[in-house]
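Visitor: Could we go through this model together?
Guide: Gladly; have a look at it first, and then ask away.

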Amino acid sequence: MRTGRCFTAFAIAAVLALPACAAKPAGSEVANTEAANAQASAPVAASAAAPQAAAAAAPAPASADSKQAFSGQWAYRQSCGWQHTAHLDIAESGNSASGSWDDGTRANGDSGQLQGELRDGRLYLRLCSEGQASGKIAACPNFGEASAYVVREGAILAWYRKSGEAYRPYLKLHPAGAGQTVPDDTTGCEEDAADD
């Protein structure tokens, strides 16, 4: 019985880091008790280390930014040449998104609603038109197939449009929330002015 109490006290002591037994049995009981204590301490030590190992192996939680990588107001602006402007206003919810869009030049443009589906880091967009649809985009509320996708490139949102079976680069949009200035794209303005 004395061995059982010592074993219990040792197991508790291993967890609480207190001395095991003040009195040890004499003779061959000492060897048996020490062997039992050594076996008991190994699982206790292993179980005490297990939570630390599990915590180290657990992946860090994803940040809110990566979960909402596309939400917000995005814009493109060109004040020269064709004076092209475009806006996407996106609200994400899980793997889907909704919002509005507009895209146009000084000659013509269109606007409407969007629905999005997140796949492989890209937000695929289905658009419908509430404006002067040229026939390429269905009138709202009839959303067509995914005709574009957007993907984050650092602080920029790259817009790709479907052309045939492939998606081709279209515009680089910048954050356009309150207090944010959208840079003016002057690329190609000289050629545009020469064509006028």
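This is a predicted model: local features need pLDDT of at least 70, side-chain atom pairs count only at pLDDT 80 or more; totals for chains, interfaces and linings use all residues.

Visitor: How many aromatic pairs does a search of the whole structure find?
Guide: The search finds five aromatic pairs. In one of them, the ring centres of tyrosine 149 and tyrosine 167 are 5.1 Å apart and the ring planes stand at 65°, so this pair is edge-to-face, the cut-off for that class being over 60 degrees.

Visitor: Which strands do those two tyrosines lie in?
Guide: Tyrosine 149 belongs to strand β6 (residues 148-153) and tyrosine 167 to strand β8 (residues 166-175), so their pairing ties together parts that are 18 residues apart in sequence.

Visitor: And tyrosine 167, is that buried or partly exposed?
Guide: Tyrosine 167 is partly exposed, its relative accessible area being 24%. Both tyrosine 149 and tyrosine 167 also belong to one aromatic cluster, together with Tyr124 and Tyr160.

Visitor: What about tryptophan 159 and tyrosine 170, why is that pair edge-to-face?
Guide: The planes of the two rings, tryptophan 159 and tyrosine 170, are at 90°, with the centres 5.2 Å apart, so the pair is edge-to-face. Tryptophan 159 comes from strand β7 (residues 156-163) and tyrosine 170 from strand β8, so parts that are 11 residues apart in sequence are tied together by the pair. Tryptophan 159 is buried, with 3% relative accessible area, whereas tyrosine 170, at 22%, counts as partly exposed.

Visitor: Changing topic, where is aspartate 103 found?
Guide: Aspartate 103 is found in strand β3, which covers residues 96-104. The residue is buried and yet has no salt bridge.

Visitor: Which side chains make polar contacts with aspartate 103?
Guide: Among them are histidine 84, whose side chain is joined to that of aspartate 103 by a polar contact of 2.6 Å, and tyrosine 170, whose side chain makes a polar contact with aspartate 103, again at 2.6 Å. Leaving aside residues up to four places away in sequence, aspartate 103 also touches others, including Thr85, Gly109 and Trp159.

Visitor: Where does arginine 161 lie relative to tyrosine 170?
Guide: Arginine 161 lies over the face of tyrosine 170, at 3.6 Å from the ring centre. Elsewhere, the charged end of arginine 106 sits over the ring of tryptophan 82, at 4.7 Å from its centre.

Key
Residues are numbered from 1 along each chain as its sequence is written. Side-chain values use heavy atoms; hydrogens and water are left out. Helices (H or I, at least four residues) and strands (E, at least two) are DSSP runs, numbered from the N terminus. Buried means under 20% relative accessible area, exposed over 50%, partly exposed in between (1.4 Å probe, protein chains only). Lys and Arg count as positive and Asp and Glu as negative; His and the chain ends are not counted. A salt bridge is a side-chain nitrogen of Lys or Arg within 4 Å of a carboxyl oxygen of Asp or Glu. A polar contact is a pair of N or O atoms within 3.5 Å; within protein, one must be able to donate a hydrogen and the other to accept it, and residues adjacent in sequence count only if both atoms are side-chain atoms. Contact means heavy atoms within 4.5 Å. Rings of Phe, Tyr and Trp (its six-membered ring) pair if their centres lie within 6.5 Å; planes under 30 degrees apart count as stacked, over 60 as edge-to-face and the rest as tilted. A charge sits over a ring if NZ of Lys or CZ of Arg is within 6 Å of the ring centre and within 35 degrees of the ring normal.
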